[in-house]
Amino acid sequence: MHRIAATPGGWNPETEGIVFVEQNPAPLVFLTAADTEIQTLAKALPQLPSGFPELRVSNLLQLQQQLSIDTYAEEVLAAAKGIVLRLLGGRAYWSYGLEVVKQTVEETGAALFVLPGDDRPDPDLLSHSTVPLTVVNQLWRYLTEGGIENTTNALKFIANTIGQHYDLLPVQPIPRVGLYEWRSLAGISARLPQSPIPNPQIGILFYRAHYLSGNTAPVDALCQALADRRLNPVPVFVSSLRDPDVQTDLLTHFQPKEGESIQVLLNATSFSLARLDGETPNVDLWQQLDVPVIQVILSGGTVDQWRSQTRGLSPRDVAMNIALPEVDGRIISRAISFKAVQTRNSALETDVVGYEPVSDRIQFVADLAANWANLRRTPVSDRRIALILANYPTRDGRLANGVGLDTPASCIEILKALQQAGYFIEDIPASGDELIQRLTQGITNDPEGQDLRQIHQSLSLKDYQHYFTTLPQAVQQGISDRWNTPTPHTPHPT
């Protein structure tokens with residue numbers, strides 16, 4: 001059990017035990033799970049008039065244990081006159097904490113605002129507030145529009161509910177969709193120089209909240225990497241992809257009436273776009289764009305957590321940025337950034353956390369986008385497509401295994417679709433069983449048959465060594481320890 005001021009990326013119950021968030025009491029307390037909102041609050045603070053009531057901000061990811069919530073309520077919330085609670089995901093996301101906050105304000109009489117963490121109405125959440133719903137809705141509008149000016153007025157609005165008297169500006173609407181003028185690494189507005197042959201357009205999609213808070217370092221780095229490859233980045237921020245109006249506006253940026261459409265989309269938004277209408281996922285937006293959609297991941301953890309965990313990304317990251325996006329048919333790439341403390345805000349008594357890009361992973365995704373763009377511009381007759389089937393555990397009976405799936409039959413349908421699309425494919429197996437029979441006539445991963453079957457595939461030692469040197473040093477060492485170093489006289493498994 002230990003105490004912290006804040007830990008970027010959230011609490012890890014497997015390694016951190018019980019965590020207490022230490023802060024001094026203040027008249028106003030703001031609880032949110034969004035680091036971007038904390039960034040914006042920190043930037044709004046200098047815009048407030050002198051003598052403004054003190055404000056404390058805490059990330060809900062630090063308040064996940066009952067004991068830590070109880071302690072925070074006793075030491076901080078009990079002294080507050082106004083409390084704002086922003087919950088993304090509804091009441092169930094922080095049910096125990098909500099009950100504790102409600103019990104606290106019943107005893108203290110503080111003004112409580114319970115708001116959704118996004119722009120979707122949630123009457124159930126709003127109903128837990130202790131101020132009139134019209135007042136709650138006004139604050140929600142300020143915070144939903146976002147940005148420094150609206151957030152500054154939101155704080156004044158909260159202060160007015162506890163007896164202060166500040167002049168307010170009306171809510172300033174900010175577009176739900178917009179083209180982001182990215183900053184080059186030199187710190188100036190950047191656009192790729194025009195050339196006689198149009199540079200392939202590469203779309204980048206990221207959340208409006210990152211734009212409003214200035215949390216755009218990974219986007220800037222990705223744009224720069226694309227520009228270095230003579231690709232023209234088209235970065236666009238959005239509030240929510242589920243909004244039909246947002247989708248319509250998005251198409252005007254990615255499929256303009258004048259100029260070239262994007263060739264590839266790098267998507268940094270989470271969750272799935274699919275809506276289940278009957279049994280068929282509805283992904284109209286992706287179908288209208290008709291380009292490869294590559295999922296890039298802005299991890300919610302720190303780079304140290306990622307490096308130290310054998311599983312890599314946290315279950316939360318996997319669910320939001322891999323498992324759900326795969327439902328849409330997105331191509332999963334890599335995590336390109338991780339959370340890091342940018343500064344400690346002494347007034348808010350919390351760390352301000354932002355995303356820090358990781359260079360080699362940015363470069364990998366940029367190369368991937370370039371390859372997909374080149375493939376898209378390559379005539380169908382010149383493309384080479386591979387279907388890779390699982391073979392684990394390493395027995396022929398597990399070849400093309402997929403729980404609840406008929407993978408061999410799916411391969412047959414894919415081959416037929418490729419043939420119809422103009423690819424040169426002949427002699428397609430009549431069934432999945434025939435496909436497996438043909439595959440097992442040659443070498444497979446089954447160790448018992450490696451010396452009994454003909455090997456049709458090979459790789460020159462020079463090519464092998466070229467690819468081998470691109471692997472991390474630890475992986476190279478592990479392969480060499482297990483298989484020895486290949487020589488021209490000892491063929492190496494491919």
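Reader: What does "buried" mean here?
Author: A residue is buried when its relative accessible area is under 20%, exposed when over 50%, and partly exposed in between (1.4 Å probe, protein chains only). By that cut-off, 47% of the 494 residues of the protein count as buried.

Reader: Where do the values come from?
Author: The model is predicted, so local features need pLDDT of at least 70 and side-chain atom pairs count only at pLDDT 80 or more, while totals for chains, interfaces and linings use all residues. Residues are numbered from 1 along each chain as its sequence is written, and side-chain values use heavy atoms, with hydrogens and water left out.

Reader: How many helices and strands are there in the protein?
Author: The protein has 17 helices and 15 strands, taken as DSSP runs (helices H or I, at least four residues; strands E, at least two) and numbered from the N terminus. The C-alpha trace spans about 85 × 55 × 50 Å along its principal axes.

Reader: Let us turn to helix 12. How many residues has it?
Author: Helix 12 covers residues 315–327 and has 13 residues. From first C-alpha to last it reaches 17 Å, close to the 18 Å expected (1.5 Å times one less than the number of residues).

Reader: Which residues of helix 12 are buried?
Author: Asp317, Asn321, Ile322 and Pro325 are buried in helix 12. They lie on the same side of helix 12, because they cover an arc of only 85° around the axis, taken from the directions from the helix axis to the C-beta atoms.

Reader: What do they pack against?
Author: The buried residues of helix 12 pack against strand 13 (293–302) and strand 14 (331–345). Just after helix 12, glycine 329 has a positive phi of about 85°.

Reader: Now strand 9: how many of its residues are buried?
Author: Seven of the seven residues in strand 9 (residues 232–238) are buried. Both faces are covered, with Asn232, Val234, Val236 and Val238 on one side and Pro233, Pro235 and Phe237 on the other.

Reader: Which strand runs parallel to strand 9, and which antiparallel?
Author: Strand 8 (residues 201–207) runs parallel to strand 9, joined to it by seven bridges. Strand 7 (residues 177–179) runs antiparallel to strand 9, with three bridges. Two strands pair if DSSP finds at least two bridges between them.

Reader: Which residue is the bridge partner of isoleucine 204?
Author: Isoleucine 204 has proline 235 of strand 9 as its bridge partner. Valine 177, in turn, stands opposite valine 238 in strand 9.

Reader: And what about contacts in the protein?
Author: Contact means heavy atoms within 4.5 Å. Among contacts with a separation of 6 or more, 70% come from residues 24 or more positions apart.
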